[in-house]
Amino acid sequence: MQELINRAKEMLDDGTVARVLGWKAGDLPYNPEPAYFEDAESLKDFVYNGFCGANLSKYMIEASKLEGKTLVFLKPCDTYSFNQLIKEHRVDREKAYIIGVGCKGKLDIEKIRAQGIKGIESIEGAEITDDADTLKVQTIYGEKSCAYADAMLERCHVCKGKEHKIYDEQIGESKETKDGERFDEVARIEAMAPAEKFAFFQKELSKCIRCNACRNVCPACSCRKCVFDSNKFDSAQKANVDSFEEKMFHIIRAFHVAGRCTDCGECSRVCPQGIPLHLFNRKFIKDIDELYGEYQAGDDTESKAPLTNYTFEDAEPSIVGKRG
Amino acid sequence: MSIENKSFRPKIVAFCCNWCSYAGADLAGSSRLSYPADVKIIRVPCSCRVNPMFILRAFEKGADGVIMCGCHPGDCHYSTGNFYARRRMTLLFSMLDYIGVENGRTRVEWVSAAEGVKFSDTMNSFVEKIYSLGENVRLGDLRCRN
Amino acid sequence: MQRIGVFVCHCGSNIAATVDVSKVAEMALMEPGVVHAEDYQYMCSEAGQAKIADAIHEKKLTGIVVCSCSPRMHEATFRKAAERAGLNPYMVEIANIREHCSWIHKDMEEATKKAVILMRAAVAKVNLNTPLQPGESRVTKRALIIGGGIAGIQTALDIADAGYEVDIVEKTPSIGGRMSQLDKTFPTLDCSACILTPKMVEASAHEKIKIYTYSEVENVSGFVGDFTVDIRKKARSVDMDKCTGCGVCQEKCPSKKAPSEFNRGLNNRSAIYTPFAQAIPNVPVIDREACIKFKTGKCGICSKVCQAGAIDYEQKDEIITEKYGAIVVATGFDTINLDKYDEYAYSQSKDVITSLELERVMNAAGPTHGHLERLSDGKAPKEMVFIQCVGSRCSDDRGKPYCSKICCMYTAKHAMLIRDKYPDVNVTVFYIDVRTPGKNFDEFYRRAVEQYGVNYIKGQVGKVIPQPNGKLLVQGSDLLDNRQILKEADMVVLATAIEPNPDVRKIATMLTASIDTNNFLTEAHAKLRPVESPTAGIFLSGVCQGPKDIPETVAQAGAAAVKAIGLLAKDKLMTNPCTAHSDELLCNGCSTCENVCPYGAITYEDKEVNDHGIREVRRLAVVNSALCQGCGACTVACPSGAMDLQGFSNRQIIAEVDAICR
C-alpha cells in the first residue's frame, strides 16, 4: 500500500497527474470507498486492502472530462471494464494513467458475518502484502479468525485471471484465487424445472427495493440518462408509478448490458439485499459463449460486440426450446 | 383447431416486418387462410425494430404469447436487420426460459411475402401452443417488490 | 391532445359481411382523442376520400385512422387524401381489418371484437404521431456506369441520349465486354462484332459519355442523388493523348508470352497490347508483369519505335473523384472455374474446351483464325460432343443451383454453325432439358435438329477419358432409350455455367447494394422493380442481376437507363421522413448504433450540448436522413434509448402493445 501512496505522491508532485483516483478508509475497517486525492497531504487517507472491491473504471467517465490526467488504480478485473469503456468512447485513454494493482481476492463482509463474527473492530490479514491465509478479526467479543478464502466475494472464486488488460505500470503481486467454475451456478438453475426457476427468481427479486445501487455501480450502466429515467419507452412518463419497470427492471438491465458486461460482479457486491444479480448477466455471457463463440467483453477495445455482430449460420431462437 | 375452453382466450401479439411477414399475413388474408382471432399483428419496418422491451411490455400487460416474424435470413429488406433480431431474440428467449417463463410463449418465425400458408400455419400452431400453456401468470407476477 | 377521425370501410361486403362496421365506428368514439367516427362503403373511392377531407375541415382533425384493407394497399392513397385536405400525411394510420381480420375470420362477433382492438391500437398510435416532413436532397445530374460491356454501353447510350452526362468505368483496357468475345449471336447469327462495334464507337464518340478504361471504382460514399466516387485509373504506361494506335509497339514488343485474356488464354499476346483489333480506346497498355523493361530495366523497344512518343514508363495510377446522382452496375459475368469438374478432363486435355473458348476458336480473329481445329494437334475434328449444364442446375456445392439460361441456345448455335461450315463433322449434344423460351428460339433449336441433323441425346455425361490415340472417350447415358453410351470424340465442348463477375461482391459492399447467395445483385422487387437495387440510386443492368442473353440484357439496360433518367430528371429528392433520430441529451456516443447500421447513415460529431444547464462538448450520433432507410436496427442497439425511429417510435409501438393487451 505504501508503494502505491509513494508512487501517487511522486506523480502528483511532478505534475504528471492532476489527481489520484483510489480508495480511502471509511468509518469502519471494512468499508473503504472510492475517492479522489488532489494533493500529497490527502493521500494519508488512501487505503488498498482486501475490502477495496470497488471498481474505479466507471469514475473515469467523469474524470475524463476534468483538466489534466488522473492516476487511477485498477485491479485486474477492473481493467476489462476500462477497456469496454474505451470501446464505447466513454473514457479517454489519454486522460488516464493506469497503475495496475495486484489482487489476492477481495473480501465480502457479509461472508465474515455469516460465520457468526459480529461486532468487528479491526481486521488483520486483509492487506495485499499479507501472506497469511487467515484473517484475524478483533471484535468486541474478542479475537476471531476466518480463512481468507471463506471470506472472499463470490466473483473471486471464479476469477477471470490476474492479468491486467490495460495499464501504464503495474505495482504489487497478485495471487490466484480461482477455485470454482464461473457458470456452475447458472447451469444449476438452467437444469431446474420452469416452476422451480421461477420460484427461485421471484424469491430473489422480491427482495429488491429498487435502490438502483446495482445500476449506479455498474460500469456498463454508463448511460448519461437511463431508459428507466426517461420517457422514451412509456407514455406514463412517471417511472415510479409504472409497474412495467418495477417488474422487468432486472431483465431489461441485464439485456442492456448483454455483450457489454465484463462480469465484474459489482452489482451483486453492492446489492444491500444480497440478490445474486450477476446470475442474470452471467446467463447472457454463457449463452453468448455457447451460441456465438467465446467472448469476453473488455478483453480488447476493438472487437465487435456479439449483439452488433452476426453470422448467416447463427442459431435460430428455437434453439432455446431444443436445448432442454 | 378446436377451441374447447372458451373461457380462456389468450392475448397474442405478433410483430411482423413490413416487407415480408406483414405481406405474408396479407397474403394469408387474401387467400382466406384462417387462424384464430386471438392473434393481433403490429407492423414494424423490420424485425430489427423489435425491442426486447416491447416483448416484455406485452407480457407484463397480460399477453399470453408473443411471436415475431421477419424475412428469411439473407432476405432482409435492409439486408442485415433480421440477423441482429435473431441474436437479440435468441438471448431474450433464453433469459425468459431461464427465469421460468415457459419457452413456448415466445417464438420467431421467418415468413416471406409469398408464404401466406406458412403464416397461417404458424399462427395456428402458435395459438394452439398458447392454449395448451394456458394463461401467462408468471411475467405479470415477477415483481421486484412484494 | 389529438383530434382523431376514425373511418371504417365496408369494402363492399369484403369487410362488412364479417365485421360489424358500425359497431367499430361506435366503439371508436369511446377512444381517447377520437372526435369523429363513421363507416362508409368504399373509403378508397373518391367519395370516401372526400368524406375524410370534409371531416378534416369540419372537425378540425389532427389525426386519421382508416380501418380498411392492408396499409400496403391504400396507406399511400389515404395519406395523399389527407395531405390534399391540409393534414400532414404522416398523421394517418391504417387498421388492417380486411386481410388481418374479415377475410380470415368467420364469426362476426369475434371478427368485430378483433377489428375494434386493431382500431384501438391504431388510435393509440395516432395519438402519438407527429407531423413528419420529408427532407430534400439535391441531385447531381450525372450517372456512373460500372462495367463497359453491352449492358453498360447500352445504358450509357440511353442515358446520354436523354441529355445527361454519363461516365463508364471499365476494368479492362477496352470496352466491349463478353459480347466482343463472341463470334456469332443467336437466333439470327449476326456477327457479334458487327453489331457491337458500332455501339462501342457511338459511345466513345458521344459528347455526353466519358469512358474510363483500365480503371476501377475504388470508393463510394454519399447517397442517392449525391454519390461521391473515387475512380482509380490504372497506369497504362501509354499517353492516351499522344498514341495514334498504329500498333507498331505491339508488333515489335519482344515479350510475347503473356496469355491473351481476350482469347481466354488459348494463345499469347505481347506485353504491350490492345486486347483486340476493334478495341476502344485503340490505345495499348503495358502489362507490367510481363514487360521486360519493368522486370529487368532493360529493353524499352516500344518507346524507341513509338513515333508519337506516347510510351510513358513513369506513369502512375491516378485517382479521380467525381460526383454522380445515379450509379448503374453492369459488371457482367464470367464462366465458373472447372477445377471441381475433373470428370470432364478439362484440365487434362486441350481438346476439352468451354463454350466461350469455342467462340474464340470459331472467330476469324481467334487463336486458330476461325478454323475449327483441335488445340492439341491442330487437326480438324470429325466427332464433336457438347455437354450441357456443366455446373448449372447443380444440387451440390460444386456448381450453381441456377440455370445459366444462355447455354441451350448458344449450343444450338454452335452445333448449327459447325454443321453448316463443316458438314462432315458429327455433332452430339448431351442435355438434361433443352430450354428455349424466347422469340424465334425454339424454331432455332428445331432447325439445328431437323435441318442440320445435330444429334441431341437426353442424358448426362459421367466421364470424359483422354485416350492414348489422342481421342476423347465420352461415357454418357441416353435416358430416353435407357442405355449407356460410349462415344469417341475429337473435341468436347462444355456448356460451362456462368457466374457474376467475382469483383461484384467488392462493388456491392461499396455501394451497400445487397447481393444474393449466388453473388447476383438483388433487385428491389423480384417482379415489380427488377432493375433497381434496394439501395436507392443504384440500378442493375445485365447479368450482374441474373443470367440473361443479349436481347434481354439490352432490354434491361434500357430499363435501367430509364430508371436512372427518372432520377436524374429531378432537381431535388424528397427523402423518407420515417428515419432514425438521436436524442442529443440521451446519446452516449458509444458507437453501438453505428455498428448495426447497414447504410453507414450514422456518424459521430463532437457537439456542444446544453444538458439542463450543463454545457459540454459530447460525442454524439448523427443520422444522415438521406441515407437512413428506417429499418430501426439502431434503435434497439442503443442502450440509452436515445435513438428512436420516426413513424415507428418506441412510445408508438408500446402504445399499440398496450392497446392490444388491454
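In helix H6 of chain C, the residues Ile150(C), Ala151(C), Gly152(C), Ile153(C), Gln154(C), Thr155(C), Ala156(C), Leu157(C), Asp158(C), Ile159(C) and Ala160(C) are buried. Buried here means that 20 or more other C-beta atoms, placed from the backbone, lie within 10 Å of the residue's own; a residue with 12 or fewer is exposed, and one in between is partly exposed. Helices (H or I, at least four residues) and strands (E, at least two) are DSSP runs, numbered from the N terminus.

Before we go on, a word on what you are looking at. This is a predicted model, in which local features need pLDDT of at least 70 and side-chain atom pairs count only at pLDDT 80 or more, while totals for chains, interfaces and linings use all residues. Residues are numbered from 1 along each chain as its sequence is written, and chains are lettered from A and ligands numbered from 1 in the order in which they are written.

Let's stay with H6(C) for a moment. This helix covers residues 150-161, and its 12 residues reach 16 Å from the first C-alpha to the last. That is close to the 16 Å expected at 1.5 Å a residue, where the expected span is 1.5 Å times one less than the number of residues.

Now step back to see chain C as a whole. It has 18 helices and 34 strands, and its C-alpha atoms fill a box of roughly 90 × 65 × 45 Å along the principal axes. Of its 662 residues, 52% count as buried. Two residues are in contact if their C-beta atoms, placed from the backbone, lie within 7 Å. Among the contacts in chain C with a separation of 6 or more, 71% are between residues 24 or more positions apart.

Chain C is divided into domain 1 (4-126), domain 2 (142-234 + 317-332 + 501-568), domain 3 (248-305), domain 4 (334-499) and domain 5 (580-646). These bounds come from an automatic or database domain assignment. Taken over C-alpha atoms, the centres of domain 1 and domain 5 of chain C are 35 Å apart.

Next, find the open sheet of four strands in chain C, with the order S2-S1-S3-S4 and parallel pairing. Two strands pair if DSSP finds at least two bridges between them. At the edges are S2 (34-40) and S4 (92-96) of chain C, each of which pairs on one side only. From one strand to the next, the twist averages 15°. Strand S1 (residues 4-9) of chain C runs parallel to S2(C), and six bridges join them; Ile4(C) has Val34(C) as its bridge partner in S2(C). Helix H2 (residues 46-58) of chain C packs on this sheet, touching S1, S2 and S3 (63-68) of chain C, and its direction makes about 165° with that of S2(C). H3(C) also packs on the sheet, where it touches S3 and S4 of chain C, at about 150° to the direction of S4(C). For these angles, axes are lines fitted to C-alpha atoms, for helices over the stretch in contact, and values run from 0 to 180 degrees between N-to-C directions.

Further along chain C, look for antiparallel strands. S24 (residues 461-466) and S25 (residues 472-478) of chain C are joined by five bridges, and Val464(C) has Val474(C) as its partner. The two strands form a hairpin with five residues between them, and Gly470(C) in the turn has a positive phi of about 90°. S25(C) also pairs over seven bridges with S26 (residues 483-489) of chain C. On that side, the partner of Val474(C) is Lys487(C).

Finally, where does chain C meet the other chains? With chain B, 37 residues of chain C are in contact with 37 residues of chain B. H18(C) gives the largest share of chain C's side, eight residues. With chain A, 18 residues of chain A are in contact with 21 residues of chain C.
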